[in-house]
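Reader: I have a structure to go through before the afternoon. Can you walk me through it?

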Amino acid sequence: MSLKQKTFKGVIWSAVERFSTQGVQFLFGILLARLLTPNDYGMIAMLTIFMAVSQTFIDSGFGNALIRKPDRNESDKATVFFFNIFMAAACYGVIFLAAPYIARFYNMPQLADILRVLAINLVIQAFGSIQRLNLTIDLNFKTLAKISFSGAVVGGSAGLICAYKGFGVWSLVVQQMVTVSTRVVLFWALAHWRPKCFFSKASFKNMFGFGSKLLASGLLNTLYDNVYDLIIGKVFSAATLGNYSRASHFGNFASSNITGIFQRVTFPVLSKIQDDHEKLRKGYLKFLNMATLVIFPMMIGLAALAKPFILLVLTDKWVEVILILQILCIAQMWYPVHSINLNVLQVLGRSDLFLKLEIIKKIVGITILCITLPYGIIVMCFGQWVSAAIALVINTYYSGKLLNAGLLPQLKMYIPTLLNSLVMGAICIAVTKILPEKEYTLQLALGIITGAIYYIASNWIFNRETINELLSLLNKKKNK
């Protein structure tokens, strides 16, 4: 199988894994949200930053270092495996001791017990780290899809049962714990990897130079990604954070999944051609074109249909989510673009530049957050538009210098797709305005159908080259 065919197969199965898993979690999330309250979701969101920071320390950039390493061996894998377990245990110990102080920070004593139980996931997850990385390196997203989907179904079912029994916020804790535990068991059963040696100091040193810079940038990124939850939970209320969290979750369903698909596939694929800069440039721009072709209409369509969607699936107790979701969709639709640009720096081994860009972007983002905070949650969300625009300029700077594929060549690709997606969004809004006010099911269904027909037809007419390329790849896969 050629690299092109293997890439296409990886994209397809990565998409299946992402969207089947997230689709199940999405459905369970809707059912749980109808049973629980914004306050319940807000309490879990308050703790997300501490879990995310811990997970970043556990990985410490060694995952990407291992994927990128062309001569990786069993000693490297065992070193990362045991390092992850050690760091997970250490992070759990810190969280266990810090839990009462975190609860006091939010003035919510019940958070201490919730965090201590939730953090057990860190240790459990560490035992499946290398199995997951092996599947990613091999582009074996078919097995990953099976594992992720199974974990989502079992965990979601457990959480839903607890919610029906009246466990409240603990339903969300149970859901996460059962999901993680199921996946780790399946990783050991299906990935067929066991450590054949122990921790190697030489292997650790070899990967630390690359991984340590990614750790620093990863920490910055994690703290920044979760700082809104931290501040909203502290300054406003758990209910406000719950509304923001649900809006961010729905927006991320499309943006983070598309990002994850392309990030996981592009990094190992582009790493294989890292020494051929012209081939790397073409592959990189092709991935960007494909990502925006998918993500722009999804996010703009979600923003256009946010009102009927939220009121239909969550009921009017979540009405405050609507405007927040519409604003966040525009900021979040740029995430795949950011991630693919940053992937190129990692592929080229320039984790130093990766870290430099992350520092600059986070300083800009925090500055914008501080400026918008006094004006309330809505203005804070609009501030993310400004952050996204500045981040695009920053992320493309080194892409331009290293591969001659900076902001202007990328904008040349983005603008037609962006304009076409905005027209599609306007059509979706027009459909909802024509239909009766509270016919949310009809508004949502016809809005999606009309928008999809327009977007597919317009791309078939004006963007035939990309469509034909995808069809060609599909035919080759069928004939294989």
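Author: What follows is a short walk through the model, taken by topic.
Author: This is a predicted model, where local features need pLDDT of at least 70, side-chain atom pairs count only at pLDDT 80 or more, and totals for chains, interfaces and linings use all residues. Residues are numbered from 1 along each chain as its sequence is written, and side-chain values use heavy atoms, with hydrogens and water left out.

Reader: How many helices and strands are there in the protein chain?
Author: The protein chain has 20 helices and 0 strands. Helices (H or I, at least four residues) and strands (E, at least two) are DSSP runs, numbered from the N terminus.

Reader: What share of the residues is buried?
Author: Of 480 residues, 54% count as buried, meaning under 20% relative accessible area with a 1.4 Å probe, protein chains only.

Reader: And where is confidence lowest and highest?
Author: Helix α20 (residues 464-479) is lowest, at a mean of 56, and helix α5 (residues 111-118) is highest, at 95. The score is pLDDT, the predictor's confidence in each residue, from 0 to 100. Over residues 476-480 it is below 50. Where pLDDT is low, the predicted coordinates should not be read in detail.

Reader: What is the mean for the chain?
Author: The mean pLDDT of the protein chain is 83, and 84% of its residues reach 70 or more.

Reader: Now the core. Which residues have the most contacts inside the largest one?
Author: L111, Y244, I310 and L325, in a nonpolar core of 108 residues. Such a core is a set of buried Ala, Val, Leu, Ile, Met, Phe, Trp, Tyr and Cys residues joined through side-chain atoms within 4.5 Å. Apart from it lies another core, of 7 residues, including L342 and F354.

Reader: What does L325 touch?
Author: Leaving out residues up to four places away in sequence, L325 touches A247, F250, G251, L302, A306 and I310. A contact means heavy atoms within 4.5 Å.

Reader: Why is helix α13 described as largely enclosed?
Author: Because 6 of the 8 residues of α13 (residues 306-313) are buried, the rest of the structure largely encloses it. The buried ones are A306, P308, F309, I310, L311 and V313. Just after α13, T315 takes a positive phi of about 75 degrees.

Reader: What does the side chain of N459 reach?
Author: The side chain of N459 reaches the backbone oxygen of Y455, at 2.9 Å.

Definitions and conventions:
Buried means under 20% relative accessible area, exposed over 50%, partly exposed in between (1.4 Å probe, protein chains only). A polar contact is a pair of N or O atoms within 3.5 Å; within protein, one must be able to donate a hydrogen and the other to accept it, and residues adjacent in sequence count only if both atoms are side-chain atoms.
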